[in-house]
Every structure is written in C-alpha cells, then in structure tokens.
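User: I have a model open and want to go through a few local features. Can you take questions as they come?

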Amino acid sequence: MVGKLRAAGRNGDAGKLIEAYCERRPDDVQGRFLLALIRRDLGDGPGAKSAIEPILGERRAPIQHLAGLIARDHGDDGRSVARFKRALLCDPGHAGAWQALSRETALDVCGVRWATAAAIVDPADVDAWAGLVSVILVSNDVARSHSLKVLASKALGRAGAMMAATAPAVTALTCDRPVEAAKAAECTEDTETAITRLVDQAAARFCDIAVVQARLDLRLKQLATQSPQDRSNYLALLALHGRNARPDDQGLMRHVRRVIAFGNLHASASDLRQTFTACVAAKNFAMREIDTNAAMIVGHALGLQALCEQVGRPIELRWSDGARHVRIGDREVSYTLSSSNVIGFVSRLFLFEPGLWRWMAGFDADDVLLDIGANVGIYSIAAAGLFGARVAALEPYAPNLQTLRQNVAVNHLDDRITILPIAATDVEQTGRLFHDGGAAGAAAQHFESSNATPETAAAFDTVEGVPVDLLIDRGTIPFPTRIKIDVDGNERAVIEGMTRTLADPRLHSVRLEVHWWDAKGRAVVERVKAFGFRVTVDDDQKNLLFTRTTAPAKT
C-alpha cells in the first residue's frame, strides 16, 4: 500500500501510514527505512534523521547510503562521507554511494577515482557518466591528466554516442594547453551545446560548493581569453551565472551582452534596455529554431532579470538531489525532478512564460488563482509559495497529477492549493482525455467534448469533466480572482462552462493560451471580451491576457 501511495504521488498519506506501522512495529528495519525515505522526500530533515537513527547499526548499503544523504542535508559532510564509505563496505557495487562520494570529494584526486568507479559499476547509468564528466571539470590540475585517460578509455568507450558527442567540449574544458583547447573548442553548434550542457551538469551537481563555481568561472574565462572569437565560452559563462539576479546588480546582463555581441539573437544591444521585451524576442528565436541553444540560455537569463527588476528582490535558483529550488526574497519553493521533461523545463524556467511570471508578480494574499491545466504545478506552486495567492489546480493527466501532488506536499502547501483530478468543460460528463503518452511534464492532452476524436491522439484515459461554474456553486473551489487556461484545444468548452464566473466583476483577469489567429480561436477571444475584458498579447503570440476594463491594472 505504501508503494502504491508513493507511486501516486501521495507521499503525505504514505508517511502517515508508515508512521502508524512503525508505532506498532518499532523494530521493523524496512519500515523505519521507508519512513526516513518518505520524510526526506517531504523535506522533513529532522524527521528523516530521527527515523533512521535506530537502524544505523544495520550493515545494509541502502540504509547507510540514505543516512549519508540525510547527513549531507544537515551540512555534516564528515559524517556523510563516513556513511557512504560504510555503504560501500556493505556493497561495493552500490553506484549511488560511489556517486555521492565523488561529489563530496570532487576537489581532490579521490573524487575522480570514485566517479570512475560509479560509472564502471553501472555502465548503463547515464547519470554516472555525467557525474564523471562533472567531477573532471571541477577537479584540480593533478587529477586532470588522469581524467582525460579515464574519459578516453572508459566514458567514450562505454557510454557510446552520448558521451562521444561531448568529447570536443570535454577536451576544451579540461585541456591546459591553449592551442589544443582552442582547437578542440572550435565553435560548432553541437560543441557549443555540449559545453553549456556540461557546465550546467557540473554546476547542478556541485551547486552548494562555492569553490566549484569559482573554478568553473575561472576556467571559462581562461578559455575566452585564449579564444576570444569563440562564443561558446561566453555562452557557458552565462549558463553558469544565469541562476541569480539582483535588482541593483548588472552582472548577469554583462554576460548576456557578451553573448549577444556575436550577433544572431538581436539587431543591437540596445534591445536589452527592456529586459522583458528582449526575453520575448529571444524566446521567439528559439521557437523558430534560430540559434536555439543560445536563444534559450539568453532568454532565460533575460526573463530572470526582468522578473527580478519587477519584484525588486533578489532571485536565486539552485539544484539539490531530486529538486530545483527558486527563492524570491524570503520565500522559496521546490520542484520535484520527476522526468526529463520537468528537468528541461525548470532548467530554463523563466524563458517559456515570461508574461505569466509578470502576471503572477501582481498577485497578493487576497487573490485566488484557478489553474486550469496545471500540469505538474510549476505555476500553481509559484503563485502560492512565492506570491502568496490561494490556488485551485485542475489537472486530469495521471503522470502530471502525480508530480503535482508531490510538489504540493514537498512545499507544504496543502492548505493553500486544492488539487482536482478533473478537466474543465462546458457540460458535466465522464469523457475521454486523449494524449500522446509521456512522463510527467507532458502537454497536449485534449478532453473530449464532442464525438470527434483528435487525429493526433494515440491513447486516452477516462476522466471527469466539470464546468467551472458548477465547481464554484458547489463550494468545491473558492471564487477565483485570476484564471489561467492552458488546455490545448478545448478552450471553447472551458469558456462556456464558466460564463457566470466571467460575468462576475470579482474576476480580475484571465490568461489564456489560444490560437487566436484561426476562426475557432477568434471566436473564443470574442466570447471572453464580451464579458467586459480588454485583451493584449502577453508574451509570444498564442498567450493572451484578458483584464477587466473596469479593474485597475495590477501587472
């Protein structure tokens, strides 16, 4: 039962169940291990520590490995290393313990050896090979010559095409001879992408070690000096530093300007005087597949700086085991990294919907956001945890719903976010949710509101559809002051199911993703406007913001 609850993303319920079990069976080792694991997943560090302490005498690798992770969470690096070593005494083939040890000791020669061991123990583990490359990038010069031999004989041989594609980038970043480094880093799009990806991986793996970021920063600046004509080094510097912004600091923008100085993205640097507009321009370049890698990195940095300027507070992004953290001022939220889709999205968090972030920055504690098509809860979590609103999140697709629930639990937002596993529609019905499959973070699901079947649909789930007006009438959700709609084709049915809500002056604004340039989309736009809203394009052309004409602008 505990396993099923965890698989469904209901870690809170799983924790209660296993706690009750451990009260009855306090000596059950597996029960206490699961309790510690779930408490750590929920962000309860002290609870995880107290749960695992009674079983630390067990000579079992998973227990010692988890104890090491919990010790690291508490900043006790010495104890964490000891626990990881003990895990390997129990099971020399425990790849997780090898990877954890390599992270803790990356700045000395042991880090490279242990990272190599992790990759050899499980040759099919791509994360282990990525960890090896990350350790190589941040290791000292003594380790570097050995590292290259390891890469040539182990990483390239065993990891195949995945690592071979990054070989020039690795050589450039690790080579101490300027001529060889410059030759290896001759700028092609693939090499440029590989360099930024490797820097991202290294910075993410060692995000809380200041000397690592300083070492990567120094190495990239050395490369930029050796090859001033090579944009990839400046782009990697921007990727490295595109995690923090401050209203009164132009450091991030200096890196942006260096990249843009090479052309392609903007006509001139004067575009950067309006960071939000420049972010949208970079996003449009990426959507049109023009200089995509650079456009995404630049767009994310510009979106980060634009939001920072708007809220007037520092913004910090960081990674930890299994999560991406966002901190604005004194508020922080975390996103569970449940799939490659989610990891890719949160890596460039401020690129995709800059207008939505700008809109949410105008929320306050009196606002209620109705998030229709909440996906994994990126914006629901931000609206509640960073901007103080209450949220009702509608998400019918099971993989997204699972991660949405995990995100709410990890952020302890159960009292501010109501999750409904339903689709919004015009008539209450049990219908089919067509989708193309995929893990958490997948989009393009379509709820059936007619007898027509979308041609692109490969499968469907049976879900409940309920009009928004009924949800409000029944008291299932509070009345929303803001509504976000992202339903990929079912917009008309959603709008028809909320006509009383749209007519109510308490509703301030609606953000709607719709193809307004075709006939169906134009009809949806005109229908919403008829309830007393003005409309503007909010960032890229498909995202519209409807604001009530009688309401003061809050964005």
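Analyst: What follows covers a helix pair, one lysine and some strands.

Analyst: This is a predicted model, in which local features need pLDDT of at least 70, side-chain atom pairs count only at pLDDT 80 or more, and totals for chains, interfaces and linings use all residues. Residues are numbered from 1 along each chain as its sequence is written, and side-chain values use heavy atoms, with hydrogens and water left out.

User: At what angle do H4 and H5 pack?

Analyst: About 145 degrees, with the axes of helix H4 (residues 45–52) and helix H5 (residues 61–73) 10 Å apart. Axes are lines fitted to C-alpha atoms, for helices over the stretch in contact, and angles run from 0 to 180 degrees between N-to-C directions. Helices (H or I, at least four residues) and strands (E, at least two) are DSSP runs, numbered from the N terminus.

User: Which residues make the contact?

Analyst: Ala48, Lys49 and Ile52 from H4, and Ile63, Leu66, Ala67 and Ile70 from H5; contact means heavy atoms within 4.5 Å.

User: What does Lys85 touch?

Analyst: Leu101 and Trp114, not counting residues up to four places away in sequence.

User: Now the strands. How do E2 and E3 run?

Analyst: Antiparallel: six bridges join strand E2 (residues 315–320) to E3. Two strands pair if DSSP finds at least two bridges between them. Arg318 stands opposite His325 in E3. The hairpin of E2 and E3 has two residues between the strands, and Gly322 there takes a positive phi near 80 degrees.

User: And what about E3 and E4?

Analyst: E3 and strand E4 (residues 331–336) also run antiparallel, joined by six bridges. Arg327 has Glu332 in E4 as its bridge partner. In this hairpin, with two residues between the strands, Gly329 has a positive phi near 65 degrees.

User: Why is E3 called largely enclosed?

Analyst: Because five of the six residues of strand E3 (residues 323–328) are buried.

User: Last one. What is the order of the seven-strand sheet?

Analyst: E7-E6-E5-E12-E13-E15-E14, an open sheet with mixed pairing. Strand E7 (417–420) and strand E14 (533–537) are the edge strands, each pairing on one side only. E14 pairs with strand E15 (residues 543–548) in the antiparallel sense over five bridges.

Notes: Buried < 20%, exposed > 50% of the residue type's maximum accessible area, 1.4 Å probe, protein only.
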